[in-house]
Amino acid sequence: MRDIIITVVIFGLLPFILRSPRVGAYTWAWISMMIPHRAAWGFARSLPFAQIVAITTLISFFFSKERRPFPVNAITTTQFLFVVWMSFTSLFALGNPDMVLDHWIMVLKIHLMLFVTMMLIRDRVQIERLIWVVTLSIGFYGFKGGIWTVLTGGSARVWGPSGGAVGGNNEVGLALVMLIPFMYYLYQTSSRRMIRWGTLVFIVFNCFGILGTQSRGALVALLAMAFALGLKGKNPIRTSLLIVGLLTVAITFMPESWSGRMHTIETYEQDSSAMSRLYAWQTMWNAAVDRPLVGVGFAADNPAVFSRYAPVGGVGTYAGGGIYVAHSIYFQALGEHGFVGLALYLALGLLTWRKAGRIARETRDDPDFGSWVPQLMRMVQVSLIGFATGGAFLSLVHFDLPYYVLSFVVLVDATLRERSKQTVGRDDTPAAATATR
């Protein structure tokens, strides 16, 4: 039954996508974030829904009047250069060529559809629709997981959608941490009481869902994000007290087994998972030092890389000398794409942070944008703090969500620029008419 429902819904959206590629941008975000067909058990589970939606969206995009000029700024330029650089390093990859090609195609699709989205969405209503789609798509698993955590007393672990970038407990935990600020934004800016209360309940259960993942990295990211949210919130003192109270109640609720797992952060030398991370980080560092420009390319978790660059003895002994993913966005970018790739990746985050801060300051007293843009930009910064903290322990350089967070800033900036051009055009018209007379 699930297969039929999912298939009917997605194929039912295709005519609307052909009429409006913007619908395709929303649908792509939903499928790429939620991966709804992975919840099915039959034929729909293996159907290429994302590819079908992408092709339909691109066809509609090229013939649509909704298309806007590509928003060129420091963020999008750096993002484009990062994609170009990753494509270049793929030529020198040490991994299996077929796996490298698969990774490259996946990354290219992610960024291509993001660039298309940036050319289709403008103004508050459209941007907030995208925020709702992204937030609900992954937040659904946090909400469901939060209910499960409460019902089981926190004894069962929460997982993400199978087959996706956030299928693991650590990955979905970090993704939910990144989305809490946007749930808070939607709660703060909604004018409807029912939506506000619903969003608040959604936030509470997502917090339980994060703790229910039993991810130590997600806990650290949650605490860092919560601290930043308290500082960046609309009412810092009230927000901080609310967050502290919520986290205190949630953590107190969790069982002793959860507390014991979290306490292993203090004794990482005795934890094989922590030591495997140190082992992978050392391997990626050694690879980058040997190949500082291009790194080892996509699919770095392969025998060719670890046989050449893995440390012998020390952490390698504790890690069992296996083959692991990078377990860190920083070491993943460094190992896969060298110091140039890491520099471009870090620049993306820093440029997004700075642009968000500047937009928040400039629109603070704006009658049209002051009621929502500063708050959204601050939440982008809070989300980035969560990702920068939790991402230190996970290989999520090629996960869609951080790039959608980046796109929120790009879309707001593009909206402001177009509004400014329209204002200048209106101001110039009377002056030009007077000069003519």
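Author: Buried means under 20% relative accessible area, exposed over 50%, and partly exposed in between, with a 1.4 Å probe and protein chains only. This is a predicted model, where local features need pLDDT of at least 70, side-chain atom pairs count only at pLDDT 80 or more, and totals for chains, interfaces and linings use all residues. Residues are numbered from 1 along each chain as its sequence is written, and side-chain values use heavy atoms, with hydrogens and water left out.

Reader: OK, how many salt bridges turn up in the whole structure?
Author: The search finds 10, taking a salt bridge as a side-chain nitrogen of Lys or Arg within 4 Å of a carboxyl oxygen of Asp or Glu.

Reader: What does Arg-358 pair with?
Author: Glu-362, with the closest N and O atoms 2.8 Å apart. Both sit in helix H15 (residues 329-362), 4 residues apart, so about one helical turn separates them. Helices here are DSSP runs (H or I, at least four residues), numbered from the N terminus.

Reader: Which residues are in the salt-bridge network?
Author: Lys-355, Arg-358, Glu-362, Asp-413 and Arg-417 are linked in it.

Reader: Switching over, what does Glu-418 bridge to?
Author: Arg-122, at 2.9 Å between the closest N and O atoms. Glu-418 is in helix H17 (residues 400-436) and Arg-122 in the loop between helix H5 (97-118) and H6, so the pair ties together parts 296 residues apart in sequence. Arg-122 is buried at 3%, whereas Glu-418 is partly exposed at 22%.

Conventions: Helices (H or I, at least four residues) and strands (E, at least two) are DSSP runs, numbered from the N terminus.
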